[in-house]
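This report describes helix packing and pockets in a predicted model. The sequence and the structure are shown first, and the description follows.

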Amino acid sequence: MDKIEYRAVIKYLQKKDMSPTQIHADMVSTLGDDAPSFSTVKKWAAEFKRGRQSLDDDPRSGRPSTATTPENITRVLDMVMDDRRLTTRHIASVVGISHERVEHIITNELGMTKVSARWVPKLLTAEQKRVRFQTSLDNLRRFEADPDDFVGRFVTMDETWIHHFQPETKLQSKQWKHPDSPAPKKAKSVPSAGKVMASVFWDSRGILLIDYLEKGQTINGRYYADLLNQLREAIKAKRRGMITKGVLFHQDNAPVHKSVVAMSTIRDCGFELIDHPPYSPDLAPSDFHLFPKMKKELAGRHFASNDDVISAVTDFFRVAEEDFFLTGIRGLQHRWQKCVHLEGDYVEK
């Protein structure tokens with residue numbers, strides 16, 4: 001059936017005093033997936049109820065396609081470049097052409113689309129982009145000089161809070177439904193107050209050390225230095241020969257990580273510190289790989305205590321696929337390449 005035939009059926013059933021809901025249900029029972037949507041049925045039923053006779057579309061408003069002239073294209077381009085948030089209706093009123101012609105010019109003639117701004121950790125200055133660019137370039141050159149050696153010696157760490165309950169994301173809560181079935185619902189929820197901080201040290205082969213800190217406690221320089229000493233012992237026990245070859249240690253620029261006692265301990269442990277630019281979670285394997293995957297797995301689950309949280313985290317890492325950790329470390333190469341290509345701007349994927 002074409003649109004005219006759909007509208008004829010809607011008009012006929014509306015004349016029988018059937019409601020839009022009844023009309024839509026009748027058409028779905030007869031036509032199945034080929035039936036028009038409820039919103040379409042409702043729109044046309046309302047039109048016929050107001051006395052409309054024609055089954056055709058409304059004639060389009062505005063000037064004909066001749067409004068797409070080089071002069072109008074230039075005017076629209078100038079307006080958009082001056083203010084990228086302008087609406088097509090505002091542009092149409094200023095230029096003196098239809099809303100439809102403005103949309104045609106912007107999308108078809110200028111090849112532009114309107115998108116929402118994406119969230120970034122920080123609006124970077126030119127100097128911060130330069131530092132990110134140069135650091136990524138230096139790290140990339142070192143990585144590509146001997147990828148296997150780099151990956152085999154690379155150890156990274158970061159901290160994250162894990163809540164006793166973390167709501168599912170909108171994507172995780174999606175469900176399949178029939179056209180005539182009601183949309184699924186869920187109550188609004190927020191992360192629980194109960195939480196535990198996990199400091200995770202890992203490499204391409206798996207977890208080396210995890211430390212948990214209860215809510216209300218904080219990590220200071222001395223505490224972190226003690227963790228570094230524990231890390232060295234864990235490496236000696238789990239990765240024979242790595243200490244001799246030399247550990248390439250990676251951390252972010254949190255104050256506790258850069259404290260005098262922490263930096264002194266890193267040197268005493270014999271670790272070589274890999275440079276990490278400020279404001280750069282997109283270049284930290286824990287932030288772009290490890291933690292998102294872990295929290296996605298834990299989302300929607302309720303934990304009664306910190307011990308339950310710790311047990312769930314332990315289970316997640318225990319059953320992780322063999323190449324899970326290697327994928328995260330090797331992902332740095334792509335992200336450093338992308339950061340260099342973007343001249344220091346943030347990397348999305």
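## The second largest pocket

By class, the lining of the second largest pocket in this predicted model comprises seven nonpolar and five charged residues, with no polar residue among them. The space in this second largest pocket amounts to about 190 Å³.

The residues that line the second largest pocket include Arg118, Trp119, Val120 and Pro121, together with Pro281, Asp282 and Phe288. Arg335 also belongs to the lining of the second largest pocket, as do Tyr346, Val347, Glu348 and Lys349.

## The largest pocket

The largest pocket holds about 450 Å³ of space. Its lining is made up of 17 residues, of which Arg84, Leu86, Thr113, Lys114 and Val115 are the closest to the centre of the pocket. Two elements, α5 (88-95) and α6, each give two or more residues to this lining, and the largest share, three residues, comes from α6.

By class, the lining of the largest pocket divides into seven nonpolar, five polar and five charged residues.

Packed helices can be described by the angle between their axes and by the distance between the axes. For helix α1 (residues 3-15) and helix α3 (residues 38-49), the axes come within 9 Å and cross at roughly 60°, and α1 and α3 are therefore oblique to each other. The crossing of α1 and α3 is right-handed, and the contact is made by Arg7, Ile10, Lys11 and Gln14 on the α1 side and by Val41, Trp44, Ala45, Phe48 and Lys49 on the α3 side. By class, this contact of α1 with α3 has five nonpolar residues, one polar residue and three charged residues.

Helix α2 (residues 20-31) also packs with α3, the two axes coming within 9 Å and crossing at roughly 130°; α2 and α3 are therefore oblique to each other. The crossing in which α2 passes α3 is right-handed, and the contact brings together Pro20, Thr21, Ile23, His24 and Met27 of α2 with Phe38, Val41, Lys42 and Ala45 of α3. The contact of α2 with α3 has, by class, six nonpolar residues, two polar residues and one charged residue.

## Helices α4 and α6

Helix α4 (residues 70-82) and helix α6 (residues 99-109) pack at an angle of about 80°, with their axes 10 Å apart, and α4 and α6 are therefore roughly perpendicular to each other. On the α4 side the contact is made by Asn72, Ile73, Val76 and Val80, and on the α6 side by Ile105, Ile106 and Glu109. The residues of this contact of α4 with α6 divide into five nonpolar, one polar and one charged.

Helix α6 accordingly has a place in two parts of this description, as a partner of α4 in the packing and as the element with the largest share of the lining of the largest pocket.

Conventions
Residues are numbered from 1 along each chain as its sequence is written. This is a predicted model: local features need pLDDT of at least 70, side-chain atom pairs count only at pLDDT 80 or more; totals for chains, interfaces and linings use all residues. Side-chain values use heavy atoms; hydrogens and water are left out. Axes are lines fitted to C-alpha atoms, for helices over the stretch in contact, and angles run from 0 to 180 degrees between N-to-C directions. Helices (H or I, at least four residues) and strands (E, at least two) are DSSP runs, numbered from the N terminus. Angles under 35 degrees count as roughly parallel, over 145 as roughly antiparallel, 65 to 115 as roughly perpendicular and the rest as oblique. A crossing is left-handed if the near helix is turned anticlockwise from the far one by less than a right angle, and right-handed if clockwise. Contact means heavy atoms within 4.5 Å. Ala, Val, Leu, Ile, Met, Phe, Trp, Tyr, Cys and Pro count as nonpolar, Asp, Glu, Lys and Arg as charged, and the others, Gly among them, as polar. On a 1 Å grid over the protein atoms alone, a cavity is a set of points where a 1.4 Å probe fits but cannot get out, and a pocket is an open set with protein on both sides within 12 Å along at least five of seven lines; lining residues have an atom within 4 Å of a point. Grid points are joined across faces, edges and corners, and a volume is the space filled by probe spheres set on the points.
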